[in-house]
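Hi everyone, thanks for making time today. I'd like to walk you through one protein model, a few spots at a time. Please have a look at it on the screen.

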Amino acid sequence: MPRIAGPFDPKNGVYVDVFISKPLSTYNEEDAERSKRKLSMLVDSGASRTAISPVIAQEIGLVPIGRKPLRSATGEVKAKQYHADLTCELFVPCLYLPDLSIIEFEFGLGWRDGFLGRDFLEKVIFETNGPGRAFSITI
């Protein structure tokens with residue numbers, strides 16, 4: 001089974017590079033490929049859904065399909081929801097998640113591009129070794 005592994009800093013968490021693009025189910029291949037952005041995403045087992053910033057959603061050209069409740073430590077808000085394709089090319093064959101429901105989230109300082117929630121984690125085997133400061137993801 002394809003697997004990636006590497007070190008991580010427990011202060012920052014595990015970050016994985018993925019590509020997010022307009023969904024092929026709605027756009028032609030050329031438009032989807034042109035919209036593709038490489039993002040550094042935190043693996044967040046506490047988040048039910050994958051999220052990106054409003055700036056990145058706009059750069060990709062994603063169109064909101066509605067709003068979903070988003071609970072955080074500061075309360076609940078209605079967040080914009082999008083459909084997008086997620087590809088993790090670190091694997092051979094690559095991990096491709098079409099039409100993933102992604103939400104928009106305004107991130108605080110220290111965040112990179114977004115986070116991968118349990119909607120991503122339910123498709124992979126994710127393991128961490130805290131004392132060894134290592135992680136692995138297997139598809």
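The side chains of T50 and D119 are joined by a polar contact of 2.8 Å. By polar contact I mean a pair of N or O atoms within 3.5 Å; within protein, one must be able to donate a hydrogen and the other to accept it, and residues adjacent in sequence count only if both atoms are side-chain atoms. Before we go on, a word on where this comes from: the model is predicted, so local features need pLDDT of at least 70 and side-chain atom pairs count only at pLDDT 80 or more, while totals for chains, interfaces and linings use all residues. Residues are numbered from 1 along each chain as its sequence is written, and side-chain values use heavy atoms, with hydrogens and water left out.

Back to T50. You will find T50 in strand β4, residues 50-52. Strands (E, at least two residues) and helices (H or I, at least four) are DSSP runs, numbered from the N terminus. Is T50 buried or exposed? T50 is buried, because its relative accessible area is 0%. The cut-offs are these: buried is under 20% relative accessible area, exposed is over 50%, and partly exposed is in between, using a 1.4 Å probe and protein chains only. Not counting residues up to four places away in sequence, T50 touches several residues, among them M41, I103, F115 and F120. Contact here means heavy atoms within 4.5 Å.

Let's follow one of those partners, F120. F120 lies in helix α3, residues 118-121. F120 counts as buried too, because its relative accessibility is 0%. Which residues does F120 contact, leaving aside its neighbours within four places in sequence? They are T50, L86, L95 and L97. F120 and S45 are 75 residues apart in sequence, yet their C-alpha atoms are 9.3 Å apart in space.

Now to the strands. Two strands pair if DSSP finds at least two bridges between them. Strand β3, residues 37-43, has five of its seven residues buried, which makes it mostly covered. β3 pairs with β2 in the antiparallel sense over six bridges, and there Y15 stands opposite L42. With strand β8, residues 114-116, β3 pairs in the parallel sense over three bridges. L42 turns up again here, standing opposite F115.

Next comes strand β10, residues 134-138, which is joined to strand β9, residues 125-129, by five antiparallel bridges. I125 has T138 as its bridge partner, and N129 has A134. Strand β1, residues 3-7, also runs antiparallel to β10, with five bridges, and R3 stands opposite T138. Why is β10 called largely enclosed by the rest of the structure? Because four of its five residues are buried.

β9 and β10 form a hairpin with four residues between them. R133 lies in the loop between these two strands and has a positive phi of about 50°, although it is not a glycine. Most residues other than glycine have a negative phi. R133 is partly exposed, because its relative accessible area is 48%. D99, in strand β7 (residues 95-104), also has a positive phi, near 50°. D99 is partly exposed, because its relative accessible area is 33%.

Last stop: the second largest pocket. A pocket is found on a 1 Å grid over the protein atoms alone: it is an open set of points where a 1.4 Å probe fits, with protein on both sides within 12 Å along at least five of seven lines, and lining residues have an atom within 4 Å of a point. About 160 Å³ of space lies in this pocket, where volume means the space filled by probe spheres set on the points, which are joined across faces, edges and corners. Its lining includes F19, E33, D85 and Y96. Which elements give two or more residues to the lining? They are β2 (15-21), α1 (29-35) and β6 (75-88), and α1 gives the most, with three residues. By class, the lining has five nonpolar, two polar and five charged residues. Nonpolar means Ala, Val, Leu, Ile, Met, Phe, Trp, Tyr, Cys and Pro, charged means Asp, Glu, Lys and Arg, and the others, Gly among them, are polar.
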